[in-house]
Amino acid sequence: MSEGRATDLGHWSPLSPREAAEILASFRRPWWIAGGWAIDLFVGRAVREHGDLDVEILRRDQLELREALPSGLEGWVARKRRLSRWEEGAPVPVDANGLWLREEADGPWRFEVMLAASEGDRWLYRRDPSVSLPLAGVGGVTVDGIPYLRPEVVLLFKARTTRPRDEQDFAAALPLMDGISREWLRRALETAHPGHPWAGRL
């Protein structure tokens with residue numbers, strides 16, 4: 001479920017994961033629903049309202065994404081709380097990690113693409129590249145074919161701020177996470193965010 005949100009960079013009216021999957025149908029590189037929506041897909045129910053929709057791809061696949069997007073979809077680079085148009089054929093600056101997309105000028109934002117670090121066949125946590133996973137173990141797939149980030153990956157990103165909604169997501173996912181997922185997240189937190197309160201609950 002989503003209700004959109006207003007920001008100083010414009011209003012959001014996010015797509016659903018299914019609608020995003022339809023747009024990305026011709027993108028032949030790995031991608032996953034991320035953020036709170038990924039927790040919903042993992043637990044199989046709506047945990048809370050969502051004001052936006054995040055999709056993650058590998059940074060190295062950004063130009064392939066550009067070629068796969070419908071011609072009417074605008075891409076803007078999110079960088080230091082500013083937006084600049086994503087020019088055709090231009091790589092996203094190395095200090096920018098997100099792309100905001102919408103269907104028309106001054107229209108609502110529909111989803112954000114997060115650019116993930118990787119090396120060979122491994123996904124890297126961009127805030128601490130010593131934390132990694134095999135690309136094959138980063139995501140799951142719903143019964144109707146929508147790829148999503150595993151909860152341990154989503155929660156690692158959420159651990160930096162731990163807002164009330166992040167606590168909701170953690171509480172919803174924790175009972176369904178297996179021992180391997182819990183142990184990976186615990187070790188990742190100890191490495192990248194030492195002293196985090198979630199580590200003791202895993």
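The model is predicted. On that basis, Gly195 sits in the segment after helix 6 (179-192). Salt bridges in the model come to 17.

**Gly195**
- Gly195 counts as exposed because its relative accessibility is 77%, and exposed means over 50%.

**Arg18 and Asp144**
- A salt bridge joins the side chains of Arg18 and Asp144, at 3.2 Å from N to O.
- This pair links distant parts of the chain, 126 residues apart: Arg18 belongs to helix 1 (residues 17-23), and Asp144 to the loop between strand 11 (139-141) and strand 12 (147-149).
- Arg18 is partly exposed at 32% relative accessibility, and Asp144 is partly exposed at 47%.

**Lys80 and Asp95**
- Lys80 and Asp95 form a salt bridge through their side chains (3.8 Å, N to O).
- Lys80 lies in the loop between strand 5 (74-79) and strand 6 (82-85), while Asp95 lies in the loop between strand 6 and strand 7 (98-102), 15 residues apart.
- Lys80 is exposed, at 69% relative accessible area, whereas Asp95 is partly exposed, at 35%.

**Glu167 and Arg201**
- The closest N and O atoms in the salt bridge of Glu167 with Arg201 are 3.4 Å apart.
- Glu167 is in helix 5 (residues 164-173) and Arg201 is in the segment after helix 6, 34 residues apart.
- Glu167 is partly exposed at 29%, and Arg201 is partly exposed at 41%.

Methods: Residues are numbered from 1 along each chain as its sequence is written. This is a predicted model: local features need pLDDT of at least 70, side-chain atom pairs count only at pLDDT 80 or more; totals for chains, interfaces and linings use all residues. Side-chain values use heavy atoms; hydrogens and water are left out. Helices (H or I, at least four residues) and strands (E, at least two) are DSSP runs, numbered from the N terminus. Buried means under 20% relative accessible area, exposed over 50%, partly exposed in between (1.4 Å probe, protein chains only). A salt bridge is a side-chain nitrogen of Lys or Arg within 4 Å of a carboxyl oxygen of Asp or Glu.
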